[in-house]
Amino acid sequence: LLSAPLNGQRLVVTAGGTREPIDPVRFIGNRSSGKMGIEIARAAAQSGYQVDLIVGQIEVNLPKSERIHITKVETTEEMFRVVDQAFVGADGLIMAAAVADYKVDHPADQKIKKTSATSTLSVDLTQGPDILATMGAKKQASQFVVGFAAETDHLDDHAQAKLSRKHADMIVGNNVTQVGSGFGTDTNQVTIYQPNQAPQQWKQMSKTAVAKNLIQFIQELR
Ligand code: C5P
């Protein structure tokens, strides 16, 4: 059941992973399933937000909804451009996407062939934009930005560092090596980090429940 529209309040939500082409048939990608971001979009729409859902190359299984507008992108730079536009006038941004940090300098126009002359192949990579950090740096006082931190170690330190480096109002941290948490699973165990506050560790629950709790938590803060 959808609750009443929150008089035009709009959230920008990203989900899934970006891909950086190496040549026309190959890319550098990651293991993001997009489940967490999609559940966040669903929960936000159910609470009455208008949602701009910007996704990488993943299946989006959402019932058709006038509350959710979906844009599909491939690369980090494409996601950056779409988020940058959508963030104008939005109430908040939740970046659940796994964004590629590096892009291939000069993707080949034609499929790269295996040669017998050399046994190695090098591709040069350059850093692309950090979407969250850029939006965090330019957000208005009324806008909030939430990031995710998927870590394999030292979650507290990395999440706290991300809060400040990305000017985020909240980082949702999860340890991707823990059973029932992270990539591809239907459950997640997250810790909420906010500036000048003790981290809040949530129980392991379904990603649907994490998303609902997160949206409710954000609404209560505002
Ligand atoms: O730095 P790291 O990738 O671990 O930070 C994770 C958070 O930053 C996520 O919310 C992710 O969506 C966002 N991010 C981004 N642009 C990047 C890299 C990460 O917006 N280039």
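Biologist: What does H1 lie across in this predicted model, and at about what angle does H1 run to E1?

Modeller: Helix H1 lies across strand E1 (10–15), strand E4 (50–55), E5 and strand E6 (92–95), and H1 runs at about 165° to E1.

Biologist: What makes strand E5 and strand E13 edge strands of the sheet?

Modeller: The sheet is an open one of 8 strands with mixed pairing, in the order E5-E4-E1-E6-E9-E10-E12-E13. Strand E5 (68–72) and strand E13 (200–201) each have a single partner strand, so one side of each is left without a neighbour in the sheet.

Biologist: How do you know that strand E9 and strand E10 are paired, and in which direction do they run?

Modeller: Pairing requires at least two bridges between two strands, and 6 bridges join strand E9 (residues 144–151) to strand E10 (residues 170–175), so the two count as paired; they run parallel. Within this pairing, Ala 149 has Gly 173 in E10 as its bridge partner.

Biologist: Why is Val 210 called buried?

Modeller: The cut-off for a buried residue is 20 or more other C-beta atoms within 10 Å, and Val 210 has 24 such neighbours, so Val 210 counts as buried. Val 210 is placed in helix H5 (residues 207–221), and, not counting residues up to four places away in sequence, Val 210 touches Asn 188, Val 190 and Met 205.

Biologist: How do you know that the positions UniProt lists for "binding site" do not all gather at one spot?

Modeller: The unreviewed UniProt entry lists Asp 101, Lys 111, Pro 129, Asp 130, Ile 131, Leu 132, Phe 148, Lys 162 and Lys 166. These positions span 66 residues in sequence, and the farthest two C-alpha atoms are 37.3 Å apart, so they do not all gather at one spot.

Biologist: What makes Ile 131 and Leu 132 buried or exposed?

Modeller: Against the same cut-off of 20 or more, Ile 131 has 27 other C-beta atoms within 10 Å and is therefore buried, while Leu 132 has 25 and is therefore buried. Among the contacts of Leu 132 is Lys 166, a position that the UniProt entry also lists.

Conventions. Residues numbered from 1 in each chain as written. Predicted model: local features only at pLDDT ≥ 70, side-chain atom pairs only at ≥ 80, totals over all residues. Helix = DSSP H or I, 4+ residues; strand = E, 2+ residues; numbered from the N terminus. Buried ≥ 20, exposed ≤ 12 C-beta atoms within 10 Å, placed from the backbone. Contact = placed C-beta atoms within 7 Å. Axes fitted to C-alpha atoms, helices over the stretch in contact; angles between N-to-C directions. UniProt positions renumbered as here; feature names shortened; annotations may be inferred.
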